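Here is a short note to read beside the structure. Keep the 3D view open and check each point as you go.

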Amino acid sequence: MMRKEEGGIGGEKALDLFLKIGLDERTAKNTVSNSKVTANLTAVIQEAAVTDGCDRAVGNHLYTVATKFPSNALVHRPTLLKYIVSSKIKSPAQLEAALSFLAATAFDSMKVDAFEAACGVGVETSTEDIEVVVDEIFEEKKSVILEQRYRTNVGELFGHVRKKQPWADPKIVKQIVDAKLYGLLGERTVADDEKPIKKKKDKSVKAEEKTILLETPLQKPSEEEINPYSIFPSPEENFKVHTEIYFSDRPVLRACNSKELLEKHLKVTGGKVFTRFPPEPNGYLHIGHAKAMFVDFGLAKERGGCCYLRYDDTNPEAEKKEYIDHIEEIVGWMGWKPFKITYTSDYFQELYELAVELIRRGHAYVDHQTPDEIKDYREKKMNSPWRDRPVKESLKLFDDMKRGMIEEGKATLRMKQDMQSDNFNMYDLIAYRIKFIPHPHAGDKWCIYPSYDYAHCIVDSIENITHSLCTLEFETRRASYYWLLDALSLYQPYVWEYSRLNITNTVMSKRKLNRLVTEKWVDGWDDPRLMTLAGLRRRGVTATSINAFVRGIGITRSDCSMIQLDRLEYHVREELNKTAPRTMVVLNPLKVVLTNMEDSVINLDAKKWPDAPEDDVSSFYKIPFSSVVYIEHSDFRMKDSKDYYGLAPGKSVLLRYAFPIKCTEVIIGDDNTTILEVHAEYDLAKKSKPKGVLHWVSESSPGVDPLKVEVRLFDKLFSSENPAELEKWLGDLNPQSKVVISDAYAVPTLKDAAIGDRFQFERLGYFAVDKDSSPEKLVFNRVVTLRDSYGKMGK
């Protein structure tokens, strides 16, 4: 039995009453489920004497009064309602002004003249009046508009118009402003849609900011810093309005779940958090996906919930089994375990049936425009010629599309949204297109495939996702997301957008990455110079250091941040410093002959760890020391200086873990420049105490060269911090991003190193064994240098 709502009216009667005043069905149902708003709105309708119904615009104003009227001025509410019903107050701006005036008046007597003046009662603003004001503003702001073109803040222009003509019709204002912009600037160009290049801050400003930062006392970390997932609501709170969608031809849609839908959802999930990581299998995952995994899998793990790995496989042209296999494998490597692996294609039948239902409800139509025509019509905000075709006809044509009876490119199914919206992603998005291509997962069953905009939100709903988390570039698609779920009466997940991860000196768009790989600018998807997760892993970066980096930058909504590569390298060093044993390798060997040593070999102890206890045998490794050792060419000079700690004629240095040596002779080549070898004497008693300490490698036995290895020194792939903004971005590739040293010398113990093993080469950096290694020759990738500029600047 239906319970009685506050105010003495039953739920069914209340719903009927709210529909009569023009509220859309969803808003009316949601209102009935809220006893307080139901009582307020019922009282307002009775006070306004419109229980038999009224115009939809009036009804929307009554709803606003019921939800926003100041409680300290209830005595004046009947008066305001008379102005609304008589259309003396008819615009949202007037109503807003009226509510502000009455809140200030409170229980005092209301002065009618002052009230009407404050609300613009009786003021009629003609189109000509608006045009005059817009012309004045454009003339005043002309230089700025010409400079910024279509990046001009249109909202700011609206604000100036409203100051001069507060009661002007917003729709007319928008039409005139849009027309004026077009008349002044002409057609939009490609440059208008590009992101502006951000200016670098003045160094003096940065210095000042740093000084302020240092002077600020240390504060306790916020709850969000301790637990980055604390910002997300619980599943049972998912009854609130997600977003308001403004239409040009109908009331505002306040997207939210009904009480019934939410209860049904919670019964299925048991109130647990359900998230999804939804990569498209059209390439390898990059470090931006590491942030997405941290958000999606991390939230589910922190709340004791579940996270799907869902392949967004709606585009069979770009998808490969190779990419599908890679994604599953790399998710596991990153430390995440999916609750279940699904594919959007698993739901193709349900998606098709819901598309048929969408057509039946009058929310979709089959269109015959070409892609270029659709683009042109959308830019001009014009309806398709087939937008209003009969539902029966669209159902027949959509069935023909499914059965392969219409040629590819000759028809699409489009959602009937709002071609006059301010949001480009509400311009009748495509739901289905024809592609006579077999699907890598679904086979050849289908020749029509759903779009991302159609499938993503529906599959989120089908899988009972509680938190649909995505990057900020999808924020404008939020309206379309909720419009479609509302149109099909489906459960609505909580959508939250966070900033995309942008790192300096690299590119992360899949299109650019694909070009780098296919045109062989790099050595495959796992090239160690790329920010793909496969590339980072091959380079020697650990999953734990990537996750620590992602956690450190936080789940922020700030969309203007470019993270310095140094910050990632800081986290890599932090881990490798604790986990990578020390060893010695000489990259560019210079032969040093110890003339006072016999042809014998001494086995010395070298530390794997700097703070290793002397009595722990496992913390040491053996290195041979003989009469022929090798040091770095860069550690020898013919001329000594006070600030130089290397070897020079007549100068002594200490060979790490061994003995001091003193240069006694230098052998020069025929060109009188090239240093062929150095002769020196070693101090067996260690009486001398030189300041300089060098790493070195020795012959393991007389006349036998040390272990020869290949070392690859990787650096930033691009010279510029943000190559993606450059028109000729490939021209910015760093020619020194990969330097191969084929004949480096290493200590003998490295011969047993396995692929993936990591070491600190003393004084050189951190290195990992590459998969190109063979039993004949090891190959090492430099993971990161020892220098830490980020740590020095402060975390």
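1. **The model.** This is a predicted model. Keep that in mind for every point that follows.

2. **Overall shape.** The protein chain has 26 helices and 27 strands. Its radius of gyration is 35 Å, while the globule rule gives 28 Å for 795 residues. The value is well over the rule, so the chain is more spread out than a compact globule. Along the principal axes, its C-alpha atoms fill a box of roughly 115 × 65 × 55 Å.

3. Of the 795 residues, 50% count as buried.

4. **Helix 8, length.** Find residues 127-140, which form helix 8. This helix has 14 residues. From first C-alpha to last it reaches 20 Å, close to the 20 Å expected at 1.5 Å a residue.

5. Which residues of helix 8 are buried? They are Ile130, Val133, Val134, Ile137 and Phe138. Seen down the helix axis, the buried residues fall within an arc of 135 degrees, so they line one face of helix 8.

6. **Helix 8, neighbours.** What do the buried residues of helix 8 pack against? Their partners are helix 9 (142-148), helix 10 (154-164) and helix 11 (170-185).

7. **An aromatic pair.** The count comes to 31 aromatic pairs. One of them joins Tyr83 and Phe115. This pair is edge-to-face, with 5.2 Å centre to centre and 70 degrees between the planes. It links distant parts of the chain: Tyr83 sits in helix 5 (residues 77-85) and Phe115 in helix 7 (residues 112-119), 32 residues apart. Are these two residues buried or exposed? Tyr83 has 10% relative accessibility and counts as buried. Phe115, at 1%, counts as buried too. The cut-off for buried is under 20%.

8. **A ring cluster.** Ring pairs link Phe348, Tyr352, Phe398, Tyr432, Trp446, Tyr449 and Tyr454 into a cluster. Look at Tyr352 again: Lys402 lies over its face, at 5.2 Å from the ring centre.

9. **Another charge over a ring.** Arg537 lies over the face of Trp333. The distance to the ring centre is 5.3 Å.

Notes:
Residues numbered from 1 in each chain as written. Predicted model: local features only at pLDDT ≥ 70, side-chain atom pairs only at ≥ 80, totals over all residues. Heavy atoms only, no water. Phe/Tyr/Trp six-rings, centres within 6.5 Å; stacked < 30°, edge-to-face > 60°. Helix = DSSP H or I, 4+ residues; strand = E, 2+ residues; numbered from the N terminus. Buried < 20%, exposed > 50% of the residue type's maximum accessible area, 1.4 Å probe, protein only. Lys NZ or Arg CZ within 6 Å of the ring centre and 35° of its normal. Expected span 1.5 Å × (residues − 1). Arc of directions from axis to C-beta. Contact = heavy atoms within 4.5 Å. Rg over C-alpha atoms; globule rule 2.2 N^0.38 Å.
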